[in-house]
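Subject: The structure we talked about

Hi,

Here is the structure I promised to pass on. Have it open while you read, and my notes on what turned up follow below.

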Amino acid sequence: MDTVPTRSLPSGDEIPVVGAGTWDVGGDAVKETVRTALDRGYTHVDTAEGYKNEAEIGEVLSEHDREDLFLTSKVLPSNLHYDNVLESLEASLDKLGVSALDLYLIHWPNPAISLRETFDALERAHEEGLIRNVGVSNFSKYQLMFARKVADVPIAVNQIELHPWYYREELLEYCREHDIVVEAAAPLARTELFDDPVLNDVAEAYEKTPAQVALKWALQKDVVVLPKSTSESHLRQNIDLFGWELDADDVARIDDIDRMDNVYMIDLDDDTYGIRS
């Protein structure tokens, strides 16, 4: 397996462009999934306080050299007060068995809690070396614009739902303009797009799977992808994305899929879902 390419974060750290997603996987299943992923060449693991699987993932990470891994976790939106952020972070570090995270994200914006207060806590954790990079997750363009105004530490990443059925071009362009790496959570729309005729047609032409085509489409837009799978064969396929390219016409065909179907409950491009200063 070739080494997974990386993208540079504002700090100078390198983030692998494919990571192992772990949402909705727990217990022995998540241990087996992460162990298999790491054995198959993944070095980027994405988890969260709310996934309730950090302790199990920590068991697997203890079998590997920490310096070889890029590790992300996220703080719940209910824990965004200053002290709660720091408490949540300490709990995540303890469960994962590490002294610092490569990336720590606000999992969802919470309009009931001051975003400035949250970023003050993240800045302190960053200064103390507990987190190397700070980011957000599920922020719309409007929310991200506001976050950039109140944050004294660079926002390195915005992890969002993005896939061929939910192509958020304006938000993607805004992040590019401001040196914010976009990570695609649910880059396969939780498998819902596997029957899409355009993806299947392109996949047949390249002798790839629809999943590989959807992931490659995102990678060619400089998006970091976080597919989740508990299947060894799918884990292998989801990282077999290098040494081949989609041509411009096929990228355009996928861009033009006439759907805007998000699989998350909240449409974060609806700016009425606001934030507090």
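Predicted model: local features only at pLDDT ≥ 70, side-chain atom pairs only at ≥ 80, totals over all residues.

Let's start with a pair of helices. Helix 3 (residues 82-96) packs against helix 4 (residues 115-127) at an angle of about 40°, and their axes are 8 Å apart. That makes helix 3 oblique to helix 4. Angles under 35 degrees count as roughly parallel, over 145 as roughly antiparallel, 65 to 115 as roughly perpendicular, and the rest as oblique. The axes are lines fitted to C-alpha atoms, for helices over the stretch in contact, and the angles run from 0 to 180 degrees between N-to-C directions.

Who touches whom? From helix 3 there are Y82, V85, L86 and L89, and from helix 4 there are E117, T118, D120, A121, L122, R124 and A125. Contact here means heavy atoms within 4.5 Å. The residues of this contact divide into 7 nonpolar, 1 polar and 3 charged (Ala, Val, Leu, Ile, Met, Phe, Trp, Tyr, Cys and Pro are nonpolar, Asp, Glu, Lys and Arg are charged, and the others, Gly among them, are polar).

Residues are numbered from 1 along each chain as its sequence is written, and side-chain values use heavy atoms, with hydrogens and water left out. Helices (H or I, at least four residues) and strands (E, at least two) are DSSP runs, numbered from the N terminus.

Now for a second pair. The axes of helix 7 (residues 197-206) and helix 10 (residues 248-255) come within 10 Å and cross at roughly 160°, so these two helices are roughly antiparallel to each other. Their crossing is left-handed. V198, L199, D201, V202 and Y206 in helix 7 meet D250, R253 and I254 in helix 10. That contact divides into 5 nonpolar, no polar and 3 charged residues.

Which residues of helix 7 are buried? They are L199, V202 and A203 (buried means under 20% relative accessible area, exposed over 50%, partly exposed in between, with a 1.4 Å probe and protein chains only). Seen down the axis of helix 7, they fall within an arc of 105°, so they line one face of the helix. The arc is that of the directions from the helix axis to the C-beta atoms. On the other side of helix 7, P197, E204 and A205 are exposed. The buried residues of helix 7 pack against helix 8 and helix 10.

Helix 8 is worth a look too. Of its 10 residues, 10 are buried, so helix 8 is largely enclosed by the rest of the structure. Its buried residues pack against helix 7, strand 10 (224-226), helix 9 and helix 10.

In helix 9 (residues 232-239), L235, N238 and I239 are buried. Those residues fall within an arc of 90° seen down the axis, so they line one face of helix 9. Their cover includes helix 1 (27-39) and helix 8 (210-219).

Last stop: R35, which is found in helix 1. R35 is partly exposed, with a relative accessible area of 26%. Leaving aside neighbours within four places in sequence, R35 is in contact with V60 and E63.

Cheers

Methods:
Left-handed = near helix turned anticlockwise from the far one by under 90°.
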